[in-house]
Amino acid sequence: MARKPVLQLSRVERHYGEGDTKLSILKGADFELRTGEIVALVAPSGTGKSTLLHLAGLLEHPDGGEVKIGGRDCNGLSDEQRTAIRRVEIGFVYQFHHLLPEFTALENIMMPQLIAGLSRKDAMGRAAQLLDYMRIGHRAEHRPAELSGGEQQRVAIARAVANAPRVLLADEPTGNLDPKTAAYVFDALEALVRQSGLAAMIATHNHELAARMDRRVTIDGGKVVEL
Ligand code: ADP
Ligand code: MG
């Protein structure tokens, strides 16, 4: 049976500026991400990787075209509805971890669950499980500043998937890490996606990691192209 698309971009347009200074970043980009797959987005700086991920993650609006999450067109929705979908269906990981500095690793992963209405006990249980899954259970009580770069990113990934989203979007999540640590973080991310039936799109400059993903795409002439 063909797996369901969880993220669909159709004829997506994104332009910055006006007139002479108008910059067309995406010009009718099509892309589909299916349950269980991990896709690498490999393209030079400035070609629109972050733009594409932000549109897919409902952090920005396209200037044209459609963004569907779980088969639902998100364009016509109110900001509140988009936020609700983002909270439940989408996990986002940035190059820099963006963890809350005053809170422990465990609390950082509990936070989105508490916002979603889970009890402290349930949120803590799930956070502890995710930390174990990312092989940093022994770091639960540490604050971000007391963690290594690789550990910080693993906590950020655990936080992104805490509410069991359908889609994980990661913008150069290992960009600040040395190759060995990057590979280790990617191992944990991959295991998580495989066991949870998530779908992931990961922007990366690391060709070794990209080679390990299910598919590779790039951005060329404002369109998404298979590599
Ligand atoms: P990448 O992530 O591949 O490096 P980005 O998506 O960040 O690329 O940016 C693509 C292009 O769009 C770049 O040339 C960038 O300068 C431009 N850009 C991104 N955001 C804005 C913005 N808010 N206003 C104007 N230009 C922008
Ligand atoms: Mg970028």
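The buried residues of helix 6 pack against strand 3, helix 4 (120–133), helix 5 (149–160), strand 7 (167–171), strand 8 (199–203) and helix 7 (207–212). The model in which these contacts are found is predicted. The buried set within helix 6 consists of Ala182, Val185, Phe186, Ala188, Leu189, Glu190, Leu192 and Val193. An α-helix has 3.6 residues a turn, so residues three or four places apart point the same way. In helix 6, Ala182, Val185 and Phe186 are among the buried residues, as are Leu189, Leu192 and Val193.

Helix 6 itself comprises 18 residues, 179–196. Its end C-alpha atoms are 26 Å apart, which agrees with the 26 Å that the helix should span at 1.5 Å a residue. The N-terminal end of helix 6 is capped by aspartate 178, a side-chain oxygen of which lies 3.2 Å from the backbone nitrogen of lysine 180. After helix 6 comes glycine 197, with a positive phi near 70°.

Strand 3 (residues 38–41) pairs in the parallel sense with strand 9 (residues 215–220) over 3 bridges. Within this pairing, valine 39 has arginine 215 of strand 9 as its bridge partner. Strand 9 is also joined to strand 10 (residues 223–226), by 4 bridges, and these two strands run antiparallel. Aspartate 220 stands opposite lysine 223 of strand 10. The hairpin formed by strand 9 and strand 10 has 2 residues between the strands, and glycine 221 in this hairpin takes a positive phi near 60°.

The surroundings of ligand 1 may be considered next. Around ligand 1 are Tyr16, Leu23, Ile25, Pro44, Ser45, Gly46, Thr47, Gly48, Lys49, Ser50 and Thr51. Tyrosine 16 contributes through its side chain, an N or O atom of which is 3.4 Å from a nitrogen atom of ligand 1.

Finally, the aromatic rings: the count comes to 1 aromatic pair. The ring centres of phenylalanine 92 and tyrosine 94 are 4.8 Å apart and their planes stand at 35°, so the pair is tilted. Phenylalanine 92 is buried, with a relative accessible area of 16%, whereas tyrosine 94, with a relative accessible area of 28%, is partly exposed.

Notes
Residues numbered from 1 in each chain as written. Chains lettered and ligands numbered in written order. Predicted model: local features only at pLDDT ≥ 70, side-chain atom pairs only at ≥ 80, totals over all residues. Heavy atoms only, no water. Phe/Tyr/Trp six-rings, centres within 6.5 Å; stacked < 30°, edge-to-face > 60°. Buried < 20%, exposed > 50% of the residue type's maximum accessible area, 1.4 Å probe, protein only. Pairing = 2+ DSSP bridges. Expected span 1.5 Å × (residues − 1). Contact = heavy atoms within 4.5 Å. Polar contact = N/O pair within 3.5 Å; in protein donor to acceptor, adjacent residues only side chain to side chain. Near = heavy atom within 4 Å.
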